[in-house]
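Let's walk through this structure together, starting with a pair of helices and then moving on to the nonpolar cores.

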Amino acid sequence: MRILMTGGGTAGHINPALAIADLLKQKYPDAEFLFVGAKGRMETQLVPAAGYPIRTVTVRGFQRRFSLKNIGRNVMAVANVFGASAASKKIIKEFKPDLAVGTGGYVCGPVLRQAIRMGVPTAVHESNAYPGVTVKMLGKEGALVLLCSEDARRHLPEEVKAVVTGNPLRPDFLTKDKETARKELGLDTRPLVLSFGGSLGAAHINEAMVEVLSRSRKEGKLQHIHGAGKAGYAAMKAQLEAAGVPLTGDGVTVREYIDDMPRCMAAADLVICRCGAMTLSELPAAGKPSILIPSPYVAENHQFHNAMVLVNRGAALCIEEKDLTADALWEAIQTVTDNPDKLAQMEQNVRGAAILDADVRIMNELEALLKK
């Protein structure tokens with residue numbers, strides 16, 4: 001069996017692709033895999049590191065903001081589409097896949113469109129609550145669309161065949177015990193607030209958290225673990241030092257990067273974070289109430305739509321970045337942590353959004369495609 005995988009540009013597209021490939025490899029250990037990614041993008045490092053071969057095509061996304069520079073970029077993007085389509089057709093002819101699976105990103109468009117036209121059973125997994133343009137287009141052309149949540153279905157055209165499967169998750173998010181995690185982290189009985197803005201960090205979240213940590217340290221009612229991110233750590237460290245807040249101690253731990261997220265999330269009582277695709281699945285799986293701060297810098301404002309999936313269930317609060325201040329964030333934290341009944345209700349509500357058998361659902365749909 002030969003399986004063609006595609007998806008990339010960001011870890012939010014690459015990691016689900018690798019997770020799905022691993023699922024198929026477990027079930028079909030003799031299967032051959034080939035990833036197709038965009039030249040020069042993150043997948044060219046992450047995919048080989050995971051042990052899978054990759055070929056690349058030259059493709060770039062379209063710029064939505066109007067400017068003379070972006071007009072030129074979009075002309076190049078159109079030219080790249082034609083070149084990527086021809087390159088994809090050649091790769092598919094040579095590899096002869098029995099199944100093609102994509103996970104989003106602009107590289108998916110030309111690769112999976114060619115797979116559909118060449119009669120290869122094709123599926124595309126959408127990990128966000130608001131399906132992107134590429135996913136909608138591929139669904140119209142005949143790809144099976146695998147959705148992260150029921151909320152995503154209403155954003156698709158009626159003729160698109162779509163199935164809710166959830167997002168594939170790391171097993172630790174499902175199995176890590178809260179009590180054990182808190183012991184391993186050396187925490188006491190006070191509520192733990194876990195906050196982060198992504199691997200690179202988020203400047204506005206870091207700025208607000210400096211003041212939050214300063215106030216919280218004075219009150220002493222909470223514990224904090226904050227991930228400042230690689231790009232924001234030095235600046236936040238300087239700001240905290242100026243405010244007299246230590247990077248560790250007095251219930252506060254500030255790290256550059258949280259490399260044990262399943263453990264920290266298991267230990268937490270409240271999570272403050274962006275709302276990328278995987279967060280939308282990790283928070284429900286771990287049963288964690290949250291304060292979500294959608295990134296306004298993403299295509300189609302999809303993080304806001306992700307946040308609303310949990311907000312509308314009473315499982316999260318949302319502060320848009322334009323409204324983010326230290327006062328607003330501190331008030332939101334207190335609203336939840338000072339009210340044990342509200343915290344418990346949010347935890348119950350968020351668990352109701354969890355899809356814990358996403359792996360099984362995804363495999364069932366892909367095997368049904370293979371049988372056809």
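The paragraphs below take helix packing and then the cores.

What you see is a predicted model, in which local features need pLDDT of at least 70, side-chain atom pairs count only at pLDDT 80 or more, and totals for chains, interfaces and linings use all residues. Residues are numbered from 1 along each chain as its sequence is written, and side-chain values use heavy atoms, with hydrogens and water left out.

Start with helix H9 (residues 203–219) and helix H10 (residues 233–243), which pack at an angle of about 30° with their axes 10 Å apart. Helices here are DSSP runs of H or I with at least four residues, and strands are runs of E with at least two; axes are lines fitted to C-alpha atoms, for helices over the stretch in contact, with angles from 0 to 180 degrees between N-to-C directions. H9 and H10 are therefore roughly parallel to each other, a label for angles under 35 degrees. From H9, the contact (heavy atoms within 4.5 Å) draws on Asn206, Glu207, Met209, Val210, Leu213 and Ser214, and from H10 on Met236, Gln239, Leu240 and Ala243.

Now for the cores. A nonpolar core is a set of buried Ala, Val, Leu, Ile, Met, Phe, Trp, Tyr and Cys residues joined through side-chain atoms within 4.5 Å, where buried means under 20% relative accessible area with a 1.4 Å probe, protein chains only. The largest has 30 residues, and Leu194, Phe196, Met265, Val271, Leu292 and Leu310 are those with the most contacts inside it. Its largest share, five residues, comes from H11. A second, separate core of 29 residues includes Met209, Ala228, Leu270 and Leu329.

Conventions. Angles under 35 degrees count as roughly parallel, over 145 as roughly antiparallel, 65 to 115 as roughly perpendicular and the rest as oblique. Buried means under 20% relative accessible area, exposed over 50%, partly exposed in between (1.4 Å probe, protein chains only).
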